[in-house]
Amino acid sequence: MIEVKNLSKAYGSHLAVNNISFEVNDGEILGFLGPNGAGKSTTMNILTGYISSTGGEALINGIDILKDPIKAKKQIGYLPEIPPLYLDMTVKEYLYFMFDLKKCSLPKISHIKDICSLVKINDVFDRIIKNLSKGYKQRVGLAQALIGNPPVLILDEPTVGLDPKQIIEIRNLIKRLGKNHTVILSSHILSEVQAVCDRVIIINKGVIAADDTAFNLSQSVSNDHRLVAAIDGPKEEVIKVISAIPGVETVNVGMQQEKGVFEYEIEAAYGKDIRKELNKRISARNWCFYSLRSNALTLEDIFLKITMGENVAISNAANSTKTDDSDKDGDLAANVNSAESNGADEPSLDASDIILDGEV
Amino acid sequence: MGAIFRREITSYFTSPVGYVFLAVFYFCAGIFFWAGCLQALTADMSACFALMFYVNLIFVPLITMKLLSDDKRLRTDQALLTSPVSLAGIVYGKFFAALVLYVAAVAIFPVFGMILSLFGEVPWSTTFGTVIGLFFLGAAFISIGIFVSSLTENVVVAAVLAIVFNLVFLIMDTISDLIAKISIDNVDWLNKVFEAIANGIKNLSFYDKYNEFTTGVFNVSSILFYLSIVAVFNFLTIRVLEKRRWS
């Protein structure tokens, strides 16, 4: 369990972290999300005792990191942004060294063997770290954090530099670890946070901009009901029919998907579910649905909205993900079903890792 | 502390640093031994020992330059500082690793003594007294080197700065003499102040105290002086690491 109360960190007059508070419960995976320089790494460095805060306190399982650092640090496994590797050592020497450094009481050889097979670095066990690829270095860094089975894991961008297959493996590993560890992981890859984390904290300019589950976040930002439907029918008439449904506020025609099949963005009044009525009226005219999906905000849209200010129009942000979504619009039935659920709930973003380096 | 000590010792011998240092040290000691003892036909090694001061001054920084600066550069300090180890444990672990390497270097002198004993009477008490002096002198230089290494993340800067630091301690005598020579007519109290400053600085001289050992004087206060230097600079190093956390 991690408790952070009114934590601040000032570099001169620059506030890197400004009065943030949150809690992470046992067995919870918390995602830290934010653009570069938002204060994610600073917060993690404070939590692990690498740097000190200028205000507030951080408790690791009830132990203040500033008052009893040695006891608190024993609870933490930390993978910093740049894995802290001694390049002149072999993986074996390095892990043995970290084992001794952390004063673990577990059986050394078998414990390290277990960790190595967990993060899959058995085949480089005797190689010098300098000569390893970035992905292997990252995994050695992760192995180092797991030594001693610490109850709290703090991982700063754990999947950077890994290939897609490894990313999925490490994500699954983190998910598994999250069952009996408290995990904080930072990322600027939204899909990662969405795939792994129970809860998301969005940090922007040192302040917590949002703290909720991914599902609730997308709901809270977009309570209005938006649908995107691909319908096979004469364009003008379709618009007329849809507009006639009670509750529909605006209908916009999007791009043509196939010959005669257009996408319609439908905005209904708040809290109004028009899907049944829509279905009825379209099928009454013998037109046909090619797809129907909810246009609720994904985590990416929310992220942009929160970090770039409210003035980013929701529909613009939503449009940016359309191209990704359209590939999976194959099955009508499946999509009608999934329209029930929220956009943020769908594992739809794995293909569209947007890395937020200022411009998107 | 133990883990850091073992790592640094291993690191000296998996990289060229340890070998180069030992080779250079043995080489210089060998030349001085040859010139000062074998050529001069004497079993008195004081001339050889006197020159070792300068070898220490220049080459001890080579074994300390990487100790903390490299950690900062490679970000491995994040592993050290987020592990359940105290800052003193980190600093002393590294200090003792360098000291052990240094002892391996200094251990050449008893060997020289044994060679000499084949040809004549070796003044063993003076020889061992000086080796002990040399040991503590080296310890002081090591702690200064580690302190300087904690200030920068550039290895070369760490080495050069450490040599400069050591040089300052060397020329303390000269500085002290210069200050003592200042005398202003009719301002007696000012002259006394200068004299006091000169004496104070003279007390900090590394060279004087070491020289005493080579002439056969085993002065415990000199050893205490070197030990205090070790304590002060290791303390300062710990403060530097602590300060970095707060800035």
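Modeller: H6(B) and H7(B) are roughly antiparallel to each other, because angles over 145 degrees count as roughly antiparallel, those under 35 as roughly parallel, 65 to 115 as roughly perpendicular and the rest as oblique. Their angle is about 165°, and their axes lie 10 Å apart. H6(B) covers residues 108–117 and H7(B) residues 124–151. Helices (H or I, at least four residues) are DSSP runs, numbered from the N terminus. Axes are lines fitted to C-alpha atoms over the stretch in contact, and angles run from 0 to 180 degrees between N-to-C directions.

The model is predicted: local features need pLDDT of at least 70, side-chain atom pairs count only at pLDDT 80 or more, totals for chains, interfaces and linings use all residues, and side-chain values use heavy atoms, with hydrogens and water left out. Residues are numbered from 1 along each chain as its sequence is written, and chains are lettered from A, ligands numbered from 1, in the order in which they are written.

Back to the pair. H6(B) brings Phe109(B), Pro110(B), Gly113(B), Met114(B) and Ser117(B) to the contact (heavy atoms within 4.5 Å). H7(B) answers with Trp124(B), Phe128(B), Val131(B) and Leu134(B). Seven of these residues are nonpolar, two polar and none charged. Here Ala, Val, Leu, Ile, Met, Phe, Trp, Tyr, Cys and Pro count as nonpolar, Asp, Glu, Lys and Arg as charged, and the others, Gly among them, as polar.

H6(B) also packs against H5(B), residues 87–106. The angle there is about 10° and the axes are 5 Å apart, so H5(B) and H6(B) are roughly parallel. Ala104(B), Ala105(B) and Val106(B) of H5(B) meet Ile108(B), Phe109(B) and Pro110(B) of H6(B). That contact has six nonpolar residues, no polar and no charged.

Now H1(B), residues 2–14, and H2(B), residues 16–38. They pack at about 75°, with axes 3 Å apart. That makes H1(B) roughly perpendicular to H2(B). Tyr12(B), Phe13(B) and Thr14(B) of H1(B) touch Pro16(B), Val17(B), Gly18(B), Tyr19(B) and Leu22(B) of H2(B). Six are nonpolar, two polar and none charged.

Over residues 310–360 of chain A the pLDDT is below 50. Where pLDDT is low, the predicted coordinates should not be read in detail.

How values were computed:
pLDDT is the predictor's confidence in each residue, from 0 to 100. Helices (H or I, at least four residues) and strands (E, at least two) are DSSP runs, numbered from the N terminus.
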